[in-house]
Amino acid sequence: MDYVKLNKSRHAVKFFDGTKIPTVDVKQIISAASLAPSAHNIQSWHFVIVESAEKREALLQVVKPGNHEQIKQAGAVIVLFSDTDLVERSREIARLGAGELDDEQLLRFNSQYPQMYEGFEELYESNYLSINTGIVAMNLALAIKNYGYESNMLLGFDRTSAVNELLEVERRYRPELIIPLGRTENKGKPSYRLPQSRIMEIR
């Protein structure tokens with residue numbers, strides 16, 4: 001699909017018809033989304049597909065009541081986390097990508113980047129992770145639409161380790177977004193966009 005057309009057709013949708021999305025589709029959507037760029041190619045995202053009815057019901061404990069129905073009706077639910085152990089993430093990339101990375105890249109991921117991450121202050125690291133989350137989240141929203149599904153991005157939940165406990169996810173992963181997706185006749189409505197004159201300057 002044409003990129004502009006895809007963007008213009010994607011809107012937040014909060015009502016789904018309950019039809020289950022095949023897990024293979026969700027995996028392919030995530031695979032497409034994970035092609036997103038990231039700072040230092042750290043790929044600090046971690047996706048959890050909430051597949052079981054038990055886990056989805058448990059998730060409602062940390063989601064604001066106004067968002068419960070879309071979680072219940074969704075054909076699939078993805079929880080997006082950030083990997084806060086950037087040192088280990090960097091070395092993991094070196095280990096898993098050893099056959100494809102050249103010597104210079106391996107040096108970066110094994111040594112230079114870990115040293116850099118160890119020097120990050122807490123606020124700087126949090127912002128660093130949030131920026132990477134935003135990039136991959138937009139890719140995810142577009143990939144979902146491209147596969148013929150609708151979605152919404154939820155921030156209305158308790159973003160503490162309670163999510164990790166409910167989903168049995170390591171605490172090194174910080175919960176960022178919950179994304180319900182599915183089929184629906186409701187395609188959403190375009191939201192107002194500021195004119196170019198308000199968002200762009202030429203100097």
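E104 forms a salt bridge with R108 (a side-chain nitrogen of Lys or Arg within 4 Å of a carboxyl oxygen of Asp or Glu), and their closest N and O atoms are 2.7 Å apart. The model is predicted: local features need pLDDT of at least 70 and side-chain atom pairs count only at pLDDT 80 or more, whereas totals for chains, interfaces and linings use all residues. Residues are numbered from 1 along each chain as its sequence is written, and side-chain values use heavy atoms, leaving out hydrogens and water.

**Salt bridges**
- The structure holds 14 salt bridges.
- E104 and R108 both belong to helix α6 (residues 103–118), where four residues, about one turn of the helix, separate them. Helices (H or I, at least four residues) and strands (E, at least two) are DSSP runs, numbered from the N terminus.
- R108 is partly exposed, at 27% relative accessible area; buried means under 20%, exposed over 50%, and partly exposed in between (1.4 Å probe, protein chains only).
- R171 pairs with E165 at 2.6 Å between the closest N and O atoms, and both residues are exposed.
- R174 pairs with E176 at 2.7 Å between the closest N and O atoms, and both residues are buried.
- A network of salt bridges links D83, R89, E92 and R172.
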